[in-house]
Every structure is written in C-alpha cells, then in structure tokens.
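Let's take a walk through this protein together, from its overall build down to single side chains. Keep the viewer open as you read.

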Amino acid sequence: MPPPSKEAHICYAVVEYQTLMQEPRRGVCTSFLASLAPGECLSVWLREGCLRPPPLCAPLLMVGPGTGVAPFRAFVQHRQVALGVTLAAEAPAAEALGPAHLFFGCRRAKEDFLYAAEWVEHLAQGSLQRMHCAFSRDGPHKVYVQHLMRQSNTAAALWRLLAMPGVHVYIAGAANQMPKDVRSALHEVAVLQGGLDNEEAAGFLKKLEAQGRLQCETW
C-alpha cells in the first residue's frame, strides 16, 4: 500500500449572492481562498467530520451534490487503494469491494462537474460501479439528484443496491431542502421498487440510521 499522502485538498464554492435590497455580498472565507495565488501558503485546522467510512466489502450509496461530493472522493480513493492491493495479491477484486454508486449534481457539466476526470478513472478501474449525474441547468427543466433517484430505471437499480445486506447510505452537501428531498426519494424508492408500505419504508430508513448505516453531513 502506498504511503499516506501529505496533501490536504479543499473543495469549496465561492459564495456570491445579492440581498433582498439587491446589494452584492461575497463570502469572506471563500472569497479569500479564491484570491490566493498558486504557491501561497495557508494555515488550516482539521476537524474530524461525522461521516464514518463503511467496511470495504459493504454495498455503498453516496449522494453528494456540489461540494458535498468531497468526502466521497476520499471514500472512493480509499477503495481504489484497496483494489490495487487486492489486484497485486491476485485475489478476486469483486469479493474484496462491495458495489458503490454515486449520485452527483451540479448546475452545468462543462462548468462545475467536480473531479470529472477522476470519476471516469474510478469507473474504468472498478473502484466505483455506477455514477448518476444531475446537471440542473443543462436541460429545459431543472433536474436534481432526488429527481434522478425517482426515475424508473435509476430507481430500480437503486433499490437493488439498498436491498443488499450491510448497505451503507451517505448524504452530504448543502443543509437546505436537499437532505429532506433525498430522504423522501429513498422512501419513495422503497415503496415503489421494494414493495414496502409507507410505515415499512420509514422503518427501513430508521433502522439504517440507528445502525449507523445511514449518515448525513450537511453545512
């Protein structure tokens, strides 16, 4: 296994908006980061997050729109390292890693598809099995990750993953309506694809949460 990297990567979006009085506002921290020139030094303090990575053998569902994809980049990189060790040991890679699906969303594929080239490599190497992308401004109608999860062909594949023993589900991103909408989509998939009634679907998600297999980190 290669030695741990000595680099820390920051994934952030520059905050820019207008007040109700149409006054421009910019985020203090993100604007500062964006103003730094290449090579400038920056002092950072690392704080442990609440997401706990799953066992490598566990089926894995990751939902990370926008910068919410950052922790899942680390998850999949960990899987990539483990896959490399497995292949070097000539052991069956399919038995070492559980299937992993990633739902990612951003406005436009050409402008803010974070780490796009890396995901292509992970899909080719087998450290990621499927990636579902919602580009909300590239079509005539806005499509977010929760809409994608409800589409019939995607929902069927999603339920096959959720129904696997030991599945782990992670949600990360903006703490607005997204986490509730994603959880609602999971509930709907359990009903329509899994044949559960509303009470059983709610119980299914609560059981995952109680067992630490449904985790959410938002900001």
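**A guided tour of the fold**

The protein chain holds nine helices and seven strands, where helices (H or I, at least four residues) and strands (E, at least two) are DSSP runs, numbered from the N terminus. What you are looking at is a predicted model, in which local features need pLDDT of at least 70 and side-chain atom pairs count only at pLDDT 80 or more, while totals for chains, interfaces and linings use all residues. Residues are numbered from 1 along each chain as its sequence is written, and side-chain values use heavy atoms, with hydrogens and water left out.

Start with the overall dimensions. Along the principal axes, the C-alpha atoms of the protein chain fill a box of roughly 50 × 45 × 35 Å. A compact globule of 219 residues would have a radius of gyration near 17 Å, and the 19 Å of the protein chain agrees with that; the radius is taken over C-alpha atoms, and the globule rule is 2.2 Å times the number of residues to the power 0.38. Of the 219 residues, 33% count as buried. Here buried means under 20% relative accessible area, exposed over 50%, and partly exposed in between (1.4 Å probe, protein chains only). Taking contacts (heavy atoms within 4.5 Å) between residues at least 6 apart in sequence, 69% join residues at least 24 apart.

Now find the sheet. Five strands form an open sheet in the order β5-β4-β3-β6-β7, with parallel pairing; two strands pair if DSSP finds at least two bridges between them. β5 (130–135) and β7 (214–218) are at the edges with a single partner strand each, so one side of each has no neighbour in the sheet. Further in, β3 and β4 (residues 100–106) run parallel and are joined by four bridges. Leu60, for example, has Ala100 in β4 as its bridge partner.

Next comes the nonpolar packing. A nonpolar core is a set of buried Ala, Val, Leu, Ile, Met, Phe, Trp, Tyr and Cys residues joined through side-chain atoms within 4.5 Å. The largest such core has 25 residues, and Leu61 and Leu186 touch the most other members. Elements giving two or more residues to this core include β3 (60–63), β6 (168–173) and α9 (198–210), while the largest share, six residues, comes from α8. Not counting residues up to four places away in sequence, Leu186 touches Leu61, Met149, Leu158, Leu162, Val169 and Leu205. A second, separate core of 16 residues has Met62, Val76, Ala100 and Leu102 among its members.

Which residues of helix α1 are buried? In this helix (residues 28–35), they are Thr30, Ser31 and Leu33. Seen down the helix axis, the buried residues of α1 fall within an arc of 160°, so they line one face; the arc is that of the directions from the helix axis to the C-beta atoms. These buried residues pack against β2 (24–26), whereas Val28, Cys29 and Ser35 are exposed on the other side of α1.

Finish with two individual residues. Phe104 lies in strand β4 and counts as buried, at 0% relative accessibility. Leaving aside neighbours within four places in sequence, its contacts include Gly64, Val69, Phe113, Met131 and Val145. His122 is in helix α5 (residues 116–125). With a relative accessible area of 3%, His122 is buried too. Beyond its neighbours within four places in sequence, His122 is in contact with Val76, Gln77, Gln80, Ser127 and Leu128.
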